[in-house]
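Here's a quick briefing to read with the model open in your viewer.

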Amino acid sequence: MTSFSLNKTSNTNSENENKLHFQYLPDFAQFILETHLEDYIRMAIQFSREENVPILKLFSDYTDNQLVELGRDTHRNFLLALANNQIKSYIESLLNNYISNTMPKLDQNDVMAEDITVGAFLRRKTFRFLLPGYTSDPFLLNSIIDEVDRLTTWTELISYEAYIDIQKNKLKSINSELTQTLDELQNKTTQLESLNASLESKNSELESINKELASFNYIASHDLQEPLRKIQIFANRIIENGTQDFPDETLSYFDKIIAASSRMQELIDDLLTFSQTTANNDKFAHTDLNSILEDVKIILSPAIDEKKVIIETTHLPELYVIPFQIQQLFLNLINNSIKYSREGIIPHIRITSAIIKTEKIIGAVNLPAKKYIEISIEDNGIGFKQEYSEKIFGLFQRLHNREKYSGTGLGLAICKKIVNNHNGFIIAKGSPQNGSVFYVYLPIAKTETYSVHLSI
Ligand code: ADP
């Protein structure tokens with residue numbers, strides 16, 4: 001707790017003792033104490049009302065008599081101190097009361113400000129009012145007025161100093177609070193930095209694992225290609241060189257070798273595609289999906305012609321995508337629609353696109369974009385049970401008989417990876433012996449514009 005002492009601060013205080021020593025005022029104070037205390041208090045209250053002193057607002061319910069009782073001790077103590085020429089220690093204790101704010105319900109700043117601005121002024125007014133009843137001697141009158149002025153000036157000065165002291169201490173405590181907050185903030189920043197660093201190291205660990213995995217896939221697939229090609233070449237050469245010397249059983253073994261090796265070739269190709277399907281920002285480009293679709297139709301034209309497939313499509317948008325990955329996506333999905341068609345029924349594939357607000361996407365939670373392009377690929381094929389709609393996107397997951405439907409079980413896993421690379425997602429709906437629909441959702445960036453014919 002800080003305390004105020006008249007000797008402790010500026011050099012003016014050393015003079016205070018003299019300036020606060022009075023020759024005529026003590027007798028006058030004694031006179032008021034003995035015969036006019038009641039008048040003095042009542043006058044002080046009246047002048048306070050005239051000046052609209054803020055402290056009175058706290059006592060607005062009090063009558064004048066109650067106020068006199070309330071102020072009696074304070075005024076008596078002040079006059080006693082003046083009578084005994086001990087005004088210095090009186091002011092000190094008064095200011096220390098302000099500083100420690102021992103007065104209930106009062107803000108020390110208010111009290112201090114009031115004391116500085118009006119308190120001393122009121123006291124002077126009250127003294128002057130009572131002075132004619134004390135003496136008519138002009139010399140004494142003038143001397144007392146001088147001393148009252150001196151008292152007023154010095155009380156004001158001292159109060160200002162004490163007020164500045166209080167503000168300084170307040171600033172100091174605010175400063176130390178701020179320093180503490182700053183320290184806490186710095187601690188939090190350090191914690192965050194270390195978290196960030198560990199996240200970064202985890203990230204780079206993950207990146208290097210990913211790279212290792214990709215290069216493992218790549219090397220493994222390439223190293224597998226070589227012996228496989230040799231098996232295929234030599235098996236074909238043996239058959240080309242004449243099969244007449246071989247018994248039927250041996251020939252059927254050769255057929256099996258060739259079929260197995262071409263299945264393996266397919267698997268290696270798909271594995272390679274899967275491992276090479278990475279999110280590469282450099283490969284993104286504005287791409288017309290209609291022309292991608294046309295390319296896919298050309299690639300698949302033998303199967304399309306053979307099964308007389310009908311492909312119906314609405315106008316597709318231009319999107320900022322990785323073109324060859326989107327081509328792979330369309331290729332896999334349309335190829336599946338053709339492959340998993342029903343016997344005796346002409347495959348009918350409908351491709352549509354629409355802009356969809358995120359909240360309209362059923363089952364979608366926490367999606368980052370506000371709008372998505374929805375591309376749906378619907379067929380009238382053999383379909384599948386809805387319960388497998390997620391499983392089919394897993395690696396090597398196949399629902400249908402391998403003898404009847406060729407495949408590696410990687411096509412949809414590749415589709416999912418491609419869509420993920422574009423920050424989108426893919427869902428499937430199936431109905432056995434009825435058909436399936438694959439919905440691809442790709443986020444729309446704010447800056448992109450689309451010419452999409454709404455079809456849903
Ligand atoms: P696959 O090489 O077996 O076609 P995919 O990953 O492309 O592998 O598909 C996984 C499985 O999902 C398929 O084996 C098939 O059972 C089912 N499937 C995929 N597309 C369709 C479709 N359009 N209609 C019915 N079933 C499908």
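Helices (H or I, at least four residues) and strands (E, at least two) are DSSP runs, numbered from the N terminus. On that count, the protein has 11 helices and seven strands. Keep in mind that this is a predicted model: local features need pLDDT of at least 70, side-chain atom pairs count only at pLDDT 80 or more, and totals for chains, interfaces and linings use all residues. Residues are numbered from 1 along each chain as its sequence is written.

**Overall**
- Of the 456 residues in the protein, 24% are buried (20 or more other C-beta atoms within 10 Å of a residue's own; exposed means 12 or fewer, partly exposed is in between, and C-beta atoms are placed from the backbone).

**The sheet**
- Five strands make an open sheet in the order β2-β4-β5-β7-β6, with mixed pairing (two strands pair if DSSP finds at least two bridges between them).
- The edges belong to β2 (310-313) and β6 (425-431); each has a single partner strand, so one side of each has no neighbour in the sheet.
- Strands β5 (residues 371-378) and β7 (residues 435-443) run antiparallel and are joined by seven bridges.
- Across from I375 you'll find V440 in β7.

**Around the ligand**
- The ligand has 22 residues around it, and the closest are N336, L399, G407, G411 and L412 (a residue is near a molecule if its C-beta atom, placed from the backbone, lies within 6 Å of it).
- Both α10 (323-339) and α11 (411-421) supply at least two residues of that shell.
- Sorted by class, the shell holds eight nonpolar, 12 polar and two charged residues (Ala, Val, Leu, Ile, Met, Phe, Trp, Tyr, Cys and Pro count as nonpolar, Asp, Glu, Lys and Arg as charged, and the others, Gly among them, as polar).

**α10 against α11**
- Residues of α10, including Q325, L329 and N336, meet residues of α11, including G411, L412 and I418 (contact means C-beta atoms, placed from the backbone, within 7 Å).
- This contact of α10 with α11 divides into seven nonpolar, six polar and no charged residues.

**Two loop residues with positive phi**
- Most residues other than glycine have a negative phi.
- N85 isn't a glycine, yet its phi is positive at about 55 degrees; it lies in the loop between α3 (64-83) and α4 (87-100).
- N85 counts as partly exposed because it has 14 C-beta neighbours inside 10 Å.
- K308 also has a positive phi, near 55 degrees, and is found in the loop between α9 (301-307) and β2.
- With 8 other C-beta atoms within 10 Å, K308 is exposed.

How values were computed:
Contact = placed C-beta atoms within 7 Å.
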